[in-house]
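Hi there,

Here is the structure I promised to pass on. Have a look at it first, and then read my notes below.

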Amino acid sequence: MITGAAIENENMLYGNARKLLFDNLGRVSVFSRSSPQVKQHVLSKLKSCGSKVMMCGDGVNDISAMKTADTSAALLNGFGVESTVLGTGRDVENDRRRQKAERRRANISTNDVDLGQNRLKLKLEEAIGENQNDGMNAVFQVLKDEFKRAKDLKRGGAAAARILQEEEDLKNSIKFKSKKSSDGNDEEVDAILAIKPGEASLAAPFTFLRPCIDGAEAIIRVGIAAAANSISVHRSIALNSLMACYNLATLYRDGFRYGDHMWNVELGFIMSMDKGLGDVSCMPRPRIHSLLRPSKSIFNPADGLSVLLQASIHLFVLTKAVSGARLMEGKFSKNTPAGLRIRLKPKFGSISDGFALSLGGGHEARNFLGRKPFHPNHVTNAVFLISIIQNVSIAAINHAGYPFHGSLLESRTFTLAATFSILFCVVMVLEVFPLVNRLLQLAPMTSKAFQLCLLFLFLVDGVASCVADGLCTYFFDREMWKTKWERKKVPDGSSKLAADIEEDILHKEKQQNAVVVRSLSLLLIFLTMASIAK
């Protein structure tokens, strides 16, 4: 430990004493009684030695040091007993995480909808009671406050932290009141903590919802998860952009179109998978891996080459599917228009296309913008189904997962969304429910060979992309490869540490989701074999 006075009086030190002091600042555990200038000076010295510095504080005397540090986090105060146990050796953050994990293990959840309704009802009753002569304006004011509250929550920062903590205290107060109501201890029951965000929240990029320095570890875990998620998102955007370039340059240029409901179905699968990805990507690992950190950008050999190889595989599969579909279309197409049609003929250039009508036989009807009406065809079938499969591959393969944040099998939402997306494509190819195919304007599968070809391309797209990404990781990021494939220790369910309890919960969730995947895989194999046997 070293006091701030010793650093302030550094000019009184000479020779080796001064050098010894500043060469060993990184070994000092506690800087006590430090002024804002001393805090800033210490952080500057630590940074000059090559250290990455994080500053945590709650008052205006910490702001200058926060600006000097590489990153900073504001701590809140006003948490009653939790603010007084910081020097007792009690791990407050571990206790909070353990209680939260125990509630999750027991499937105990607070009813946020009922709490919000009760809060709004209480505010309306109080506003109308205080302004009986002008109740309408009181109602409008309450609604205005609710909109402001929603905006503050979306913006984040100290205001959002205060709102969330007030709601947490309200929940705890309601539970405590229901527990103590029989004892008649009304004064203790009605006590609600006052949350003070502190001036440091204005200067810090992060605001931790507790008053203790134990939150620094949680912020680091969340920061690692956020950085890994950023890389995953950039990889997915790069792949989707390359696929969009191909679609615009080839398919849509040649007049390719979706049916009325196809895009809505594909978008529904994408949104459901994104929901699961968002949940699992925002879930930091219970423990920080001591060796690995996420890449700083996708412009490195492992990520960059993986993206290029995956894009090549997706484009190859899509091209082969379209070529096969066009071959089938040439053999079995019945959409040859004939007879008298009304066509919009361009007369004054491309801007006024579709304002002159002409009659003639053998011309296909067009709408007033000059576009042909949609006809179900094999090309649309192939692009629609292959696109859904490729969306699943892109989302699953480019998710970072362990050791940075939650893996895909630890998310029930993503597991169900991905497996049902694949099941949907297989069912549509095999025409298990012909009525659904007609509803989605899918052309009848006229050849069993074409059906098997599509199923084979589904398999090639997923397996080849996964192998390509794995090879890039193996050759260019060997430590990541070893970490992902190392045998993970099965957590002990009897441990009282919050990290062990969270690991145990995630392990059981992963086992349950693996059963779902295996069951749906067996169903896919059964449907395929039954179709071949027909």
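In what follows, contact means heavy atoms within 4.5 Å. Helices (H or I, at least four residues) are DSSP runs, numbered from the N terminus. Please keep in mind that this is a predicted model, where local features need pLDDT of at least 70, side-chain atom pairs count only at pLDDT 80 or more, and totals for chains, interfaces and linings use all residues. Residues are numbered from 1 along each chain as its sequence is written, and side-chain values use heavy atoms, with hydrogens and water left out.

Let's start with α16 (residues 448-476) and α17 (residues 478-485), which pack at an angle of about 120 degrees with their axes 5 Å apart. Axes are lines fitted to C-alpha atoms over the stretch in contact, and angles run from 0 to 180 degrees between N-to-C directions. On the α16 side, G470, T473, Y474 and F476 meet R478, M480 and W481 of α17.

The other pair is α13 (residues 378-397) and α14 (residues 412-430), at about 155 degrees and with axes 10 Å apart. These two are therefore roughly antiparallel (angles over 145 degrees count as such). Among the residues of α13 in this contact are F384 and L385, and α14 brings F414 and A418, among others.

Finally, a search of the whole structure finds one cavity of 30 Å³ or more. A cavity here is a set of points on a 1 Å grid over the protein atoms alone where a 1.4 Å probe fits but cannot get out; its volume is the space filled by probe spheres set on the points. The largest cavity has about 60 Å³.

Best wishes

Definitions and conventions: On a 1 Å grid over the protein atoms alone, a cavity is a set of points where a 1.4 Å probe fits but cannot get out, and a pocket is an open set with protein on both sides within 12 Å along at least five of seven lines; lining residues have an atom within 4 Å of a point. Angles under 35 degrees count as roughly parallel, over 145 as roughly antiparallel, 65 to 115 as roughly perpendicular and the rest as oblique.
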